[in-house]
Amino acid sequence: MTDQTAASPRVLVTGGAGYIGSHVLHALTDAGIPAVTIDNLSTGRREAIPAAVPLVEGDMGSAELLDWVMRDHRVDAVMHFAGSIVVPESVVKPLDYYRNNTANSLTLLGACLRAGIDKVVFSSTAAVYGAPESVPIREDAPTVPINPYGASKLMTEQMLRDAGAAHGLRSVILRYFNVAGADPAGRTGQATPVATHLIKVACQALLGRRPPLAIFGTDYDTPDGTCIRDYIHVSDLADAHVLALLHLRRGGESLLLNCGYGRGASVREVVRTLEEVSGEQVPATFADRRPGDPPQLVAGADRIREQLGWVPKHDRLDGIVRSALSWERSLEQSVGQAGALGGSASRS
Ligand code: UFG
């Protein structure tokens, strides 16, 4: 029997063992699109990668490794997720962020040019906007990042634009708003042991796996005093990546797109939704504002629908929260089972 996937070009997904990368690998596999991933497994999990996708375990900073993978797997396009993503950490370890995000992206783009690859889908962030003056934030709003994380991603955006002008490289830059939830089929989810993101932290607090949720700031100039964010389900985000890849493979031009629903929810609303979904009270305390938190981040979300024909399927907040909670419960069970068997906490 002929192996069709061996004959077709593959998309190289960097960071495919991570939270968003693994959801995208599942979406690609569901769509029958062959992929290969590079991941150093520093924060990702091997078991998050679909069985059909080869994993090359290694360092994104190695030009030799990238050259070899691109050649050996007949790569025709790249989706670039690998990088560091924790905003407060970027403030205390800025050079790590410029190395892992900016410098490694430079190495990757160099490898793309050597391999003749002209299609890149890039994971950027709403952090490039800094603290915007008004919401919703359109793609043409000023980019004034207020932390090294946002700056490190914005520099890569600039490299992509310049490489586009000079070398014909085409890119879809996706600026993520607040990504949350988990694969509805339970195949992958957010497994970072030390979580900082609201919905995951709130689920862990509800399950008694960490101290009560601290609600950072109740005196913002918002209707209920807490910060407002545009929470987007990770599976809808994964679908947007598949559409972006297909757009580039059809010969489409470079795009810069926000990824959000154009609808905000406050911290209190998120907590209330989790309580409704679970039927339990979320242990929570009120705390001071967290430095660097803009009061409101809501995407101007028209362009992605117009340009890619993206139609979200999971845009209800209760569905996002329910999927995050059910993933968190499944992690709890697998940790419990591993403990009962006297094994490690890893899931396989
Ligand atoms: N929050 C709490 N308690 C917590 C965690 C968060 O009250 O324990 C609040 C935050 O103060 C904020 C909201 O919940 O108001 C969302 O915070 P997250 O940490 O979940 O997400 P951020 O909005 O800080 O960060 C997100 C992305 C980043 C991106 C940034 C853009 O996760 O990658 O938006 O500003 F850079």
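**The ligand and its shell**

Modeller: Happy to. The model is predicted. Leu198, Ala214, Arg229, Arg290 and Asp293 come nearest among the 20 residues around the ligand.

Biologist: Which elements give two or more residues to the shell around the ligand?

Modeller: Those are helix H7 (198-206) and strand S8 (213-216). The largest share, 4 residues, comes from S8.

Biologist: And how does the shell around the ligand divide by class?

Modeller: There are 13 nonpolar, 4 polar and 3 charged residues.

**Asn258**

Biologist: Let's turn to Asn258 in strand S11 (residues 255-259). Is Asn258 buried or exposed, and why?

Modeller: Buried means under 20% relative accessible area. Asn258 has 0%, so Asn258 is buried.

Biologist: What joins the side chains of Asn258 and Tyr129?

Modeller: A polar contact of 2.7 Å joins them. Leaving aside residues up to four places away in sequence, Asn258 also touches others, including Arg138, Glu139, Arg175 and Phe177.

**Backbone details**

Biologist: How do you know that the peptide bond from Val135 to Pro136 is cis?

Modeller: Omega there is near -5 degrees, and the bond is cis. Pro136 is found in the loop between strand S5 (119-125) and helix H6 (148-167).

Biologist: What is the phi of Leu41?

Modeller: Phi of Leu41 is near 60 degrees, a positive value in a residue other than glycine. Leu41 sits in the loop between strand S2 (35-39) and strand S3 (55-57). Arg74 likewise has a positive phi, near 50 degrees, in the loop between helix H3 (63-72) and strand S4 (75-80).

Biologist: Why does Arg74 count as partly exposed?

Modeller: Buried residues are under 20% and exposed ones over 50%. Arg74 has 46% relative accessibility, so Arg74 counts as partly exposed.

**The whole protein**

Biologist: How do you know that the radius of gyration agrees with a compact globule?

Modeller: For 348 residues, a compact globule would have a radius of gyration near 20 Å; the protein has 20 Å, so the two agree. The C-alpha trace spans about 55 × 55 × 40 Å along its principal axes, and the protein has 11 helices and 14 strands.

Biologist: How many of the 348 residues count as buried, as a percentage?

Modeller: 52% of them do. Among contacts between residues at least 6 apart in sequence, 78% join residues at least 24 apart. The accessible surface of the protein comes to about 15500 Å², and 53% of it belongs to carbon and sulfur atoms.

Methods:
Residues are numbered from 1 along each chain as its sequence is written. This is a predicted model: local features need pLDDT of at least 70, side-chain atom pairs count only at pLDDT 80 or more; totals for chains, interfaces and linings use all residues. Side-chain values use heavy atoms; hydrogens and water are left out. A residue is near a molecule or strand if one of its heavy atoms lies within 4 Å of it. Ala, Val, Leu, Ile, Met, Phe, Trp, Tyr, Cys and Pro count as nonpolar, Asp, Glu, Lys and Arg as charged, and the others, Gly among them, as polar. Buried means under 20% relative accessible area, exposed over 50%, partly exposed in between (1.4 Å probe, protein chains only). A polar contact is a pair of N or O atoms within 3.5 Å; within protein, one must be able to donate a hydrogen and the other to accept it, and residues adjacent in sequence count only if both atoms are side-chain atoms. Contact means heavy atoms within 4.5 Å. The radius of gyration is taken over C-alpha atoms; the globule rule is 2.2 Å times the number of residues to the power 0.38. Accessible areas come from the Shrake-Rupley method with a 1.4 Å probe; for residues, only the protein chains shown count as cover.
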